[in-house]
Amino acid sequence: MDNPVIQLNGISKKYGDFTAVNDLDLSINKGEIFGLLGPNGAGKSTTILMLMGLTEPSSGSVSVCGINSTSKPIAVKKKVGYLPEDVGFYDDLSGLDNLIYTARLNGFDYSTAKEKAGELLERVGLGNDKNKKTGKYSKGMRQRLGLADVLIKNPEVIILDEPTTGIDPKGVIELLSLIKKLSVEQNITVLFSSHNLHQVQQVCDRVGIFVSGKILAEGNIKELSQKLFTHGMYLIELRIDSGDKSPIGSEELEKLLAPIEDIQKVSADNGLFQIECSSDISSSIAKKVIEADYKLNLLSKKEYGLDAIYNRYFEGGLSDD
Amino acid sequence: MISIATKQTNPFGVIVSKEISDTVKSWKFIIMVALVLLTCMGSLYAALDDFSAAIKGGSADDDFFFLKLYTHSNGTLPSFLVFISFLGPLLGISMGFDSINTEQNKGTLSRLLAQPIYRDYILNAKFLAALTILSYLFIGLSLQVLGFGLIFIGIPPTTDELMRIIIFSIVNIIYVGFWLNLSILFSVKFRQAATSALAGISVWLFFTIFYSMIVNLIAKGLAPVRFISENQMVSFQRFVQNLMRFNPGQLFNDVTTTLLRPSVRSLGPLTTEQTIGAIPNPLPLGQSLMLVWPQVVALIGGTLMFFAIAYTIFMRREIRSR
């Protein structure tokens with residue numbers, strides 16, 4: 001169902017000669033967890049600032065929940081919770097007091113604010129530390145407090161800018177599952193920006209790959225792989241013992257496997273065959289090899305995730321262009 | 001009725017009350033207040049030490065016992081007035097120099113701006129909170145001097161004196177507000193709190209120490225020969241005086257001196273013709289006020305100007321986290 005909560009139409013943001021965001025179109029549906037994946041300096045934060053109405057786009061229009069962010073930022077901020085990158089709290093106040101302050105800025109009276117803040121702190125697992133000053137919080141605790149801070153206004157959309165930076169792996173897993181849980185329970189739309197693809201892969205329904213101000217591709221992981229890979233999604237490695245027969249080469253193997261569909265490339269490397277294919281055909285390959293009376297010593301299958309996509313785009317350069 | 005009214009929380013009030021409680025609890029403020037209180041007690045002691053000698057009678061100001069408390073000193077320590085004109089700017093600068101940049105450096109500013117509040121609420125609230133505290137402080141100080149005066153002298157102040165003291169406190173607040181706004185402007189402009197504090201203090205030092213020296217130099221260079229007409233001499237003096245009045249401290253001194261010494265009848269040069277036949281009696285409050293009104297307006301104008309500049313910079317700035 002097409003019900004965009006966040007809608008960007010051809011927005012650009014220029015700082016002098018530098019174009020941070022270039023003619024970006026994006027729509028995010030209700031209840032979705034959208035991952036904005038890109039290296040540092042790709043324009044992710046700038047896009048988020050424009051969504052929140054904290055900076056004006058040079059051209060194009062932004063709307064959140066049907067409200068124009070540029071002309072009516074206050075109405076947008078009532079519905080959107082934003083967790084900035086490297087969020088800060090008032091170090092002299094306790095976690096609870098920090099949350100109460102945010103709640104009161106959103107128009108709650110003191111007793112309601114206190115009640116809500118207490119509930120949310122329990123929810124994000126800071127119930128025991130709520131009276132501790134935030135200056136003494138660890139990085140992971142601060143991010144969880146940040147999440148509570150974002151949720152206290154009962155948002156329809158939450159925007160998290162690099163929420164996992166600087167947290168240990170266990171903390172990341174906890175935070176991500178918390179985000180996922182909250183999104184499902186309360187039907188909150190989440191925009192999650194990160195340069196870490198594993199995290200995006202774990203929680204996001206849909207991902208947009210963002211490089212130098214442009215979305216290169218968007219879709220779920222599977223669609224992305226199909227879009228971005230002219231090569232296969234799977235890599236199957238074989239070691240074949242020819243036994244009494246003459247050793248098999250890569251061309252012979254390709255002929256042998258020819259009846260199987262979806263094979264894209266066969267190559268040999270140091271006695272190890274590598275087969276790129278677009279679907280999981282390891283069992284058919286094994287069958288063919290055995291039927292041809294070869295001994296199969298090793299068969300391993302690698303699935304390309306976002307990892308490979310990411311590497312291909314950010315590290316390997318845009319060789320496909 | 002009250003409970004219904006408080007149900008709807010006004011974010012602006014929330015920010016102001018948080019800022020006030022933050023400031024009052026901060027070490028910076030406690031140190032400054034301790035300093036101000038200490039000097040005021042000292043100056044009060046200096047005033048009361050030989051108070052009987054000061055009010056012997058003879059000059060027009062001597063009927064105003066209470067005002068003497070603020071201006072008189074036995075010479076060991078400066079008077080209350082001198083202390084305030086010296087420490088007031090410092091207090092103003094200390095209250096404002098880290099107001100915006102610290103929030104930004106701590107990463108709380110972008111979180112604050114993500115809440116449904118207008119951006120100028122933050123700036124306005126910071127200013128209002130600091131000004132509220134300063135108002136309490138200065139009115140408190142003036143009343144403290146008044147109270148001690150009552151105990152030691154034993155004569156209650158006249159209405160005229162009380163009014164002058166109240167207006168004096170208000171002028172104090174305006175003057176400190178001027179420096180407060182200047183330092184808020186620096187805190188918007190400079191990302192580092194230390195830079196902004198230094199900038200504020202150097203402006204203050206420039207005006208308290210160097211400015212009058214520079215004006216004197218200019219005056220010496222431009223001084224006319226001895227044999228000139230009276231009119232030329234007067235206009236030259238006016239010119240020098242107007243140069244001095246670019247110094248906010250000078251404006252403040254003009255105002256407070258006139259308010260606390262009712263016998264002051266002009267802030268510019270007077271010719272002999274003008275003074276001939278004048279009885280040296282004190283001016284009524286209304287006349288004293290008329291005399292200093294331009295100075296007060298100039299101080300308020302400067303305050304508003306700095307605020308407007310800070311406002312323009314702050315409203316148009318893109319706030320990123322840290």
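**Strands of chain A, a helix of chain B**

Q: In S14(A), which residue is the bridge partner of Ile240(A)?
A: This is a predicted model, where local features need pLDDT of at least 70 and side-chain atom pairs count only at pLDDT 80 or more, while totals for chains, interfaces and linings use all residues. Residues count from 1 along each chain as its sequence is written; chains are lettered from A and ligands numbered from 1, in written order. Strands are DSSP runs (E, at least two residues), numbered from the N terminus. In S14(A), Ile240(A) has as bridge partner Leu296(A).

Q: Over how many bridges do S11(A) and S14(A) pair?
A: Strands pair if DSSP finds at least two bridges between them. Strand S11 of chain A covers residues 234-241. Its antiparallel pairing with S14(A) runs over eight bridges.

Q: Which are the edge strands of the open sheet in chain A?
A: The sheet has four strands, in the order S12-S13-S11-S14, with antiparallel pairing. An edge strand pairs on one side only. That picks out S12 (263-269) and S14 (295-303) of chain A.

Q: How far apart are the end C-alpha atoms of H11(B)?
A: Helices are DSSP runs too (H or I, at least four residues). Expected span is 1.5 Å times one less than the residue count, so the 30 residues 193-222 should span 44 Å. The model agrees, with ends apart by 41 Å.

Q: Where is the kink in H11(B) centred?
A: The bend is the angle between axes fitted to the seven residues ending at a residue and the seven starting there. Here the kink is about 50 degrees.
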